[in-house]
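Subject: Structure handover

Hello,

Here is the structure I said I would pass on. Please open it first, then read the notes below alongside it.

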Amino acid sequence: MKIKETLRRCSRRRVEKPMTLGEKPWYGYDTMIQEKIQAQRLSAIYYRAGAEVASSYTRRGQRVAMCGDMLGVQAGRVVVQWHCDDRLCPLCAAKNARRVAANARVVLERAQHEAELKPYLLTLTQRNCQKDELTERVSDILKAWDSITHGLRKNRRFLQGYARTIEITVNYRDGSYHPHLHSILLMSPDAPHEMLRARYWARLWAQYMNTQRYQKDIMPICDIRQIRPNKRKHLTSTSAAAAEVAKYTAKSGSILSHMGAYDYILTIDQAISGRRLRSYGGVWRSIRAQMKLEDAISASEPDAKYLADAPIEIWAWAGMEKRVYTRIV
């Protein structure tokens, strides 16, 4: 009985997370540490694909494995970090999403201040597809969007700019894929109500996407709504719109936690290879050019709060488990 009681007490005992010299660490266990563990899993998938599919995956696996291994920490902040820039790397996806969201917030604030443009979230979807259809489906979706934007030139004074991103989700029940588009539209205040209705965009989407090939006579599901403040997440309308622009192409972190991640990752990687996953047009593109905004981040670019007169500590990744970084300098 004493043994059972001891085991019961141990199971109830809360396991404390390791700390650094008794102080609160500068990182979050649920953010960077978890993303680094996911990157290690992605690297293992690439190494396997290098032996089974193409040798180029081995080189990508090496880069992903080293992503975030060495950090420069200054005054409690990560100011320098080498990253691999792989499209499916969870670490790089999160870092790029923050840059994209910051740039989008700047563009939206300027567009609303100078021209009083209103941001609308447009979502264009299709039925799910199987593994061997995903590449063709992504091609058709991007071509259809280009056709829609070119066809709306006569309504340029109403639709003055946009930011478009493609997202691919996985249905783990049947193994199907759901590619769809998210777009932020900058509409003028005098835009006709017809352009602000879902059926208007659904007709255009069905026409240019050639919906008959995929879902017979069923009208595709589309949605358009004005972006308003998100009270639950404490976001203003501008921040909420920026968050939509910065959405990941594929949430590789959640995919890597499921069975069959190897097939899912390779299928999505082949479908997005050589694609422009995020594009801008109209006023959005003009403002980005004027302000010289770039979404890509240089691997050696320091953080904006880098202090030239303060020392930088170098931390190294400790391993695959959920452990702390080790300070080496």
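I begin with the cysteines. C129 is buried, with a relative accessible area of 0%. C222 is also counted as buried, at 10% relative accessibility. Please keep in mind that this is a predicted model. A disulfide is a covalent bond that joins the sulfur atoms of two cysteines. How many disulfides does a search of the whole structure find? The search finds 0.

Next, the aromatic rings. Two numbers describe a pair of aromatic rings: the distance between the centres and the angle between the planes. The whole structure holds 6 aromatic pairs. In one of them, the ring centres of Y46 and Y57 are 5.6 Å apart and the planes meet at 35°, so this pair is tilted. A stacked pair would need planes under 30 degrees apart, and an edge-to-face pair over 60. Y46 belongs to helix α2 (residues 29-52) and Y57 to helix α3 (residues 56-66), so the pair ties together parts that are 11 residues apart in sequence. Are these two residues, Y46 and Y57, buried or exposed? Both are buried.

Another pair is Y172 with Y264. Their ring centres are 5.7 Å apart and their planes stand at 70°, so the pair is edge-to-face. This pair links distant parts of the chain: Y172 sits in the loop between β4 (159-171) and β5 (176-187), while Y264 is in helix α10 (residues 261-272), 92 residues apart. Y172 is partly exposed, at a relative accessible area of 31%, whereas Y264 counts as buried, at 11%. Ring pairs also join Y172, Y177 and Y264 into a cluster.

Two arginines lie over the faces of tyrosine rings. R48 is over the face of Y262, 3.8 Å from the ring centre. R288 is over the face of Y280, 4.1 Å from the ring centre.

R288 leads on to helix α11. Which residues of helix α11 (residues 283-291) are buried? They are W284, I287 and R288. Viewed down the axis of α11, the buried residues fall within an arc of 100°, so they line one face of the helix. On the face of α11 turned away from the buried side are the exposed residues A289 and Q290.

Helix α5 (residues 134-151) is a check on length. At 1.5 Å a residue, its 18 residues should span 26 Å, and the end C-alpha atoms are 26 Å apart, which agrees. The buried residues of α5 include L134, V138, W145 and I148, and also R137 and D140.

Last, a sheet. Four strands make an open sheet in the order β2-β1-β8-β9, with antiparallel pairing. Which strands are at the edges? They are β2 (77-81) and β9 (326-327), each of which pairs on one side only. Strand β1 (residues 70-74) pairs with strand β8 (residues 313-316) over 4 bridges, in the antiparallel sense. There, M70 stands opposite A316 in β8. β1 and β2 also run antiparallel and are joined by 4 bridges; Q74 has R77 in β2 as its bridge partner. The hairpin of β1 and β2 has 2 residues between the strands, and A75 takes a positive phi near 55° there.

Regards

Methods. Residues are numbered from 1 along each chain as its sequence is written. This is a predicted model: local features need pLDDT of at least 70, side-chain atom pairs count only at pLDDT 80 or more; totals for chains, interfaces and linings use all residues. Side-chain values use heavy atoms; hydrogens and water are left out. Rings of Phe, Tyr and Trp (its six-membered ring) pair if their centres lie within 6.5 Å; planes under 30 degrees apart count as stacked, over 60 as edge-to-face and the rest as tilted. Buried means under 20% relative accessible area, exposed over 50%, partly exposed in between (1.4 Å probe, protein chains only). A charge sits over a ring if NZ of Lys or CZ of Arg is within 6 Å of the ring centre and within 35 degrees of the ring normal. Two strands pair if DSSP finds at least two bridges between them. A disulfide is a pair of cysteine sulfur atoms within 2.5 Å. The expected span of a helix is 1.5 Å times one less than its number of residues. The arc is that of the directions from the helix axis to the C-beta atoms.
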